[in-house]
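Keep the sequence and the coordinates at hand.

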4 protein chains.
Amino acid sequence: MSWSHRVQFYETDLMGIVHHSNYLRFFEEARVDWAHRQGFIDYQKPKSASHFAVLETRVRHLKPAFFGDLLKIEIRGRQDGAKFIFQYRLWRDKEWLASAETTHVALDEKLKPMRLPKDLCEKLEKEIWKETWL
Amino acid sequence: MSWSHRVQFYETDLMGIVHHSNYLRFFEEARVDWAHRQGFIDYQKPKSASHFAVLETRVRHLKPAFFGDLLKIEIRGRQDGAKFIFQYRLWRDKEWLASAETTHVALDEKLKPMRLPKDLCEKLEKEIWKETWL
Amino acid sequence: MSWSHRVQFYETDLMGIVHHSNYLRFFEEARVDWAHRQGFIDYQKPKSASHFAVLETRVRHLKPAFFGDLLKIEIRGRQDGAKFIFQYRLWRDKEWLASAETTHVALDEKLKPMRLPKDLCEKLEKEIWKETWL
Amino acid sequence: MSWSHRVQFYETDLMGIVHHSNYLRFFEEARVDWAHRQGFIDYQKPKSASHFAVLETRVRHLKPAFFGDLLKIEIRGRQDGAKFIFQYRLWRDKEWLASAETTHVALDEKLKPMRLPKDLCEKLEKEIWKETWL
């Protein structure tokens, strides 16, 4: 699955490149889009997205991104016991700019860890990653 | 002209609504898109967007925006002597959520005020705003 | 009353100056500090700050601010019927960089407009602004 | 060395906690302060901070941070060949909320990798980390 993000002026810093903290925001955009498509998030219920708490993030920067760049973010997710792991690759055309991994647990609306519905888990469990992204 | 923005999770605050500072970022997105379509900004030349310095901003909030909302931003621009004035209306479907006005001057790459090419000015000068947006 | 803010690297943009949307964040910092000192906000109760919804913001930029600048923000607040009005002046040493005005209503925890306790109102009502900041 | 950050309203999200992308900003604040104290950054020369490009970031979240929290960030840095490695621990009083590691290279003003002055390197090389922070 993939997500596109056009780099905005306000996402740059005085080095003239995208500030590194914004990459976590781009990856969140891709993750939310993924969750929305999988049926985890309903945009009509504003709090439904609180289901994924962030346990860990890891980002590797290969090349900088610039104002106006159209970034393409590939994302893949899988379940790992009680956790969810997502990996990302960020591209500008055929240039690989960054990769990342984020680890999450699902929370209910009171911020308590929760199990996800069985049918969703089954769908995710089957995914095997052979290729290395990070 | 209009621009669309899907509200992201990271644009909300603990009140559960879009933080007010982000509206200026949405309006900038619309303004950059406007400038790009008018030929003022070339995405291939990263510094070309520095042409509009912000002199004044004014935002009126009518209703809050929420995570996942698809916002539509109408924008119109005109020249006022050495200044540029943009007005914006921000909608969620048929609900009017906010309006705004921003005032700018054009700067060259060394942050010095500059005149814009005559043909662009002529195009802008002709626009008259009868309707009130603010 | 006044508040100090050291400009961070991540608050700059590719023009090498502080992005204009961040000024609303600096003014919020000053407003929260003001509210905290007046007893409106209790840092131990995270949702107590939701009391001020933003109705309108207005910022005038006189000179840019740069990375590393130590900004001083003067703030004054007063009640205007059901509304609260704050005005701000932002300085770097003796240089006046920006001024602003924000208008608010008080909300309870369910985002419903509410009246503030009488003793607080009485304290605010007395303040008269003779000098022009904006 | 340590740095303090008071959590601002605009740094929270709709879960009522600090958005995870902001942690990279807090760590940058600590790193810039560290660099400033070591003589790497001169606040009077706005572009002097561009010396550290970000190669990799890694953050582990143990507990959430809330609006109004006074965070304390411990930082330590060392040279590793051509790279700089920083580690961070983030506390609220005696509660350990997060740890992180960021990897950097030094760049000159034209964004080219550069060697740092010998005397600074010598100072950094000597630091040995026995304790585990991550």
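The text below takes the interfaces in turn, then the fold of one chain.

The model is predicted, and local features are reported only at pLDDT of at least 70. Side-chain atom pairs count only at pLDDT 80 or more.

## Chains B and C

Start with the extent of the contact. On chain B, 23 residues touch chain C, and 23 residues of chain C take part in return. Together the two chains bury about 2,400 Å². Carbon and sulfur atoms carry 55% of that area.

One pair is Arg58(C) with Glu56(B), whose closest N and O atoms are 3.5 Å apart. Side chains of opposite charge can pair when their charged atoms come close. Polar contacts link 11 residue pairs across chain B and chain C, with both residues at pLDDT 80 or more.

Which elements of chain B give two or more residues to the side that touches chain C? They are helix H1 (21–38) and strand E2 (52–61). The largest share comes from E2(B), with 8 residues. By class, this side of chain B holds 9 nonpolar, 7 polar and 7 charged residues.

E2(B) and strand E2 of chain C, residues 52–61, run antiparallel and are joined by 5 bridges. Within this pairing, Arg60(B) stands opposite Glu56(C).

How are the two copies related? Two copies of a chain are related by a rotation about an axis and a shift along it. Here a rotation of 180° with 0.0 Å of shift along its axis superposes chain B on chain C, at an RMSD of 0.0 Å. The copies are therefore related as by a two-fold rotation axis. In chain B, the C-alpha nearest that axis belongs to Arg58(B), at 2.1 Å. Of the interface residues of chain B, 100% are also interface residues in chain C, so the copies meet through the same surface.

## Chains A and D

| Interface | Residues in contact | Buried area | Share on carbon and sulfur |
|---|---|---|---|
| Chain B and chain C | 23 residues of B, 23 residues of C | about 2,400 Å² | 55% |
| Chain A and chain D | 23 residues of A, 23 residues of D | about 2,400 Å² | 56% |

Chain A and chain D share 2 salt bridges. One of the pairs is Arg58(A) with Glu56(D), with 3.5 Å between the closest N and O atoms. Polar contacts across chain A and chain D come to 10 residue pairs, both residues at pLDDT 80 or more.

On chain A, helix H1 (21–38) and strand E2 (52–61) each supply at least two residues to the side that touches chain D. E2(A) gives the most, with 8 residues. The classes on this side are 9 nonpolar, 7 polar and 7 charged.

E2(A) pairs with strand E2 of chain D, residues 52–61, in the antiparallel sense over 5 bridges. Glu56(A) has Arg60(D) as its bridge partner in E2(D).

## Inside chain A

Over all chains, the structure contains 28 salt bridges. Among them is Lys63(A) with Glu95(A), where the closest N and O atoms are 3.0 Å apart. Lys63(A) sits in the loop between E2 and strand E3 (70–80), and Glu95(A) in strand E5 (residues 95–106), so the pair ties together parts that are 32 residues apart in sequence.

E3(A) has two antiparallel pairings to follow. Strand E1 (residues 2–6) of chain A joins E3(A) through 5 bridges, antiparallel. Trp3(A) stands opposite Ile73(A) there. E3(A) is also joined to strand E4 (residues 83–92) of chain A by 10 bridges, again antiparallel. Leu71(A) has Arg92(A) as its bridge partner in E4(A).

What lies between E3(A) and E4(A) in their hairpin? There are 2 residues between the strands, and Gly81(A) takes a positive phi near 65° in this hairpin.

Methods:
Residues are numbered from 1 along each chain as its sequence is written. Chains are lettered from A and ligands numbered from 1 in the order in which they are written. Side-chain values use heavy atoms; hydrogens and water are left out. Contact means heavy atoms within 4.5 Å. Buried area is the accessible area (1.4 Å probe) that two parts lose on being put together, summed over both. A salt bridge is a side-chain nitrogen of Lys or Arg within 4 Å of a carboxyl oxygen of Asp or Glu. A polar contact is a pair of N or O atoms within 3.5 Å; within protein, one must be able to donate a hydrogen and the other to accept it, and residues adjacent in sequence count only if both atoms are side-chain atoms. Helices (H or I, at least four residues) and strands (E, at least two) are DSSP runs, numbered from the N terminus. Ala, Val, Leu, Ile, Met, Phe, Trp, Tyr, Cys and Pro count as nonpolar, Asp, Glu, Lys and Arg as charged, and the others, Gly among them, as polar. Two strands pair if DSSP finds at least two bridges between them. Copies are superposed by least squares on the C-alpha atoms of residues with pLDDT of at least 70 in both.
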